[in-house]
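Q: I'd like a close look at one part of this model, with some context around it. Could you walk me through it?

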Amino acid sequence: MKNMSDEPRKFYITTPIYYVNDKPHIGSAYTTIAADVIARLHRQLGEDVFFLTGTAEHGDKIAGSADKAGKEVQKFVDEMSAKFSFAWDQLGIAPDDFIRTTEQRHVDAVVLFFKKLKESGKIYEGEYEGLYCVAHEAFIKESDLVNGLCPDHKTKPDKIKEKNWFFKLSDYQGVLIEKIENDELSIRPHERKNEILSFLKHGLEDISISRQKAKFAIPLPWDENQRIYVWMDELFNYCSAIGYGADQERFHKYWPADAQLMGKDIIKFHCVIWPALLLAIGEEIPKKIVAHGFFTVDGQKMSKTIGNVIDPNDWVAKYGADAVRYFLLREVPFGQDGDVSEEKLKLRYNGDLANGLGNLFSRVTNMIEKYLDGDIGDFIKSPKDLSAASDAFYNFDFSEGLVLIWKEIAWANQLIDRSKPWELVKTEPDKVKELLLNLSALLYDIAKKLAPIMPETAQRINQVLESGEVKKPEPLFAKID
RNA sequence: CGCGGGGUAGAGAAAUGGCAUCUCGCAAGGCUCAUAACCUUGAGAUUGUGGGUUCGAGUCCCACCCCCGCAACCA
């Protein structure tokens, strides 16, 4: 019954590429975990999934940081990028590719992208005028000035004019509004769609896409005095990674992206500038942009100056990857802002994971070992239908799906207490067997539904239940004080 | 009048205009298969403020107060 139309559906999902000026923190981990979960879910559904993440490595800030660290730029970005892939690996995140903007394959694709842009007639040479703070080595906004001086350096900025290349973003207002309104470009959650639409309706200004003063960036192919503005370079990673220009067959197999995940701070770049650039070079626009909220830590904004930035590696080392994945997706409804802390992680870990899922698994496997000699035979149908949980995950409603699964864990605990198998085993062992077979089937189903979020835990549950001779294992989650 | 989101027990969340629900925490009781785990019951909310519509408002309308993002060359 196989024919061409039976080929699995492709599913291309991306995270932003992270700026290597900083170490991975809990926010970038959140985006990447969510993308990994969606990728695993779609793989479970038999789709041909491509999951991309990576690092953004160009920019003066990077060059400056490398300088400060006394390192050669390329060596510096190599080290920083490795920190990201290490952190993701520790979190059980398994991308299909990890793109770095300093890789030749990316640089080549960006150069081609800019040549196409130039051919499109949508770019022109213009002048950018602004206030330049020499100490900052950057333009600063007039609204940031205090008494006409740079607030950080107390110096008067120079008013300078710089020749730049501009992109006619303003040409795309109408078409973008149309495509977003009819969900050809779907923006989630709904509030973000409204935000972008109202932004678009206020009108668009052209944007400069090159820089004269930039040091560590890709040179503009037709003007050696200018370098490509890093945002333009970075956005194109989504195309360069899947072979734009180098392997067109592969590129067209995966493009357009089915879902692009990110924090709410960068949706304007992705919902406005990015699709406009793609339209200019005649490529399709992404199907869906999904924005999530921001974390506060103990009610405070996460910041380096406050010193409350959470390194995901610390949490993983103490609680394990699955617990961190569970916590972040369970604690805050996806899309909204939320507060996290180790205190809250510990509550979820001990309450939901150790006392909830872990303890249920212990009591069930222990009774199977004791009362059934470890024999559960073939799996029967689960007494509960958990498809609503998978549906919720599919729609990025991670916390809701997890709530549904944990409702069934509570139901199972109640059922055991009401049935009193420890008494029943003396009089009606058949009923105990029926009870335990049902509970095994439920746990097996829970493991399956949970696998995208907690792959390691799901595997541990499966190993025990599929072993043929069930024995009570080590706790899934040892309590932590 | 810049744009958007939000304000519901101590904390966090949920509620097609129809008995305000759930989780954590707190209090009391029960159980012994289980990780001092699990189960039952209880206390705890004039749903930010003031008005309006309605038989009936957390929900719809108006005004106000407060919190959080964004405001494009900062990733």
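In which loop does Pro-256 lie?

A: Happy to take you through it. Pro-256 of this predicted model sits in the loop between α9 (248–254) and β12 (259–263). The backbone there deserves a look: the peptide bond from Trp-255 to Pro-256 is cis, and its omega is near 5 degrees.

A cis bond also occurs at Pro-189, where the peptide bond from Arg-188 has omega near -10 degrees. Pro-189 is found in the loop between β7 (186–188) and α6. Helix α6 (190–201), in turn, is among the elements that each supply at least two residues of the surface near RNA strand B.

That brings us to the RNA. There are 48 residues around RNA strand B, and those that come nearest are Asn-355, Gly-358, Asn-359, Ser-362 and Trp-422. Helix α13 supplies the largest share of this surface, with eleven residues. Besides α6 and α13 (342–371), the elements with at least two residues each are β5 (138–140), β8 (207–208), α7 (230–235) and α15 (398–419). By residue class, the surface near RNA strand B divides into 21 nonpolar, 14 polar and 13 charged.

Asp-373, in the loop between α13 and α14 (387–394), has phi near 55 degrees, a positive value in a residue other than glycine. Asp-373 counts as exposed because 9 other C-beta atoms lie within 10 Å, and the cut-off for exposed is 12 or fewer. Lys-420, in the loop between α15 and α16 (421–427), is not a glycine either, yet has a positive phi of about 45 degrees. With 11 other C-beta atoms within 10 Å, Lys-420 is exposed as well.

For helix packing, turn to α11 (residues 312–319) and α12 (residues 321–331), which pack at an angle of about 120 degrees with their axes 7 Å apart. That angle makes α11 oblique to α12. On the α11 side the contact is made by Pro-312, Trp-315, Val-316 and Tyr-319, and on the α12 side by Ala-321, Ala-323 and Val-324. The residues of this contact divide into seven nonpolar, no polar and no charged.

Finally, a word on confidence. Chain A averages a pLDDT of 88, and 91% of the residues score at least 70. For the complex, the predictor gives an ipTM of 0.87 and a pTM of 0.92. Where pLDDT is low, the predicted coordinates should not be read in detail.

Technical notes:
Residues numbered from 1 in each chain as written. Chains lettered and ligands numbered in written order. Predicted model: local features only at pLDDT ≥ 70, side-chain atom pairs only at ≥ 80, totals over all residues. Axes fitted to C-alpha atoms, helices over the stretch in contact; angles between N-to-C directions. Helix = DSSP H or I, 4+ residues; strand = E, 2+ residues; numbered from the N terminus. Parallel < 35°, antiparallel > 145°, perpendicular 65-115°, else oblique. Contact = placed C-beta atoms within 7 Å. Nonpolar A, V, L, I, M, F, W, Y, C, P; charged D, E, K, R; others polar. Near = placed C-beta within 6 Å. pLDDT = per-residue confidence, 0-100. Buried ≥ 20, exposed ≤ 12 C-beta atoms within 10 Å, placed from the backbone.
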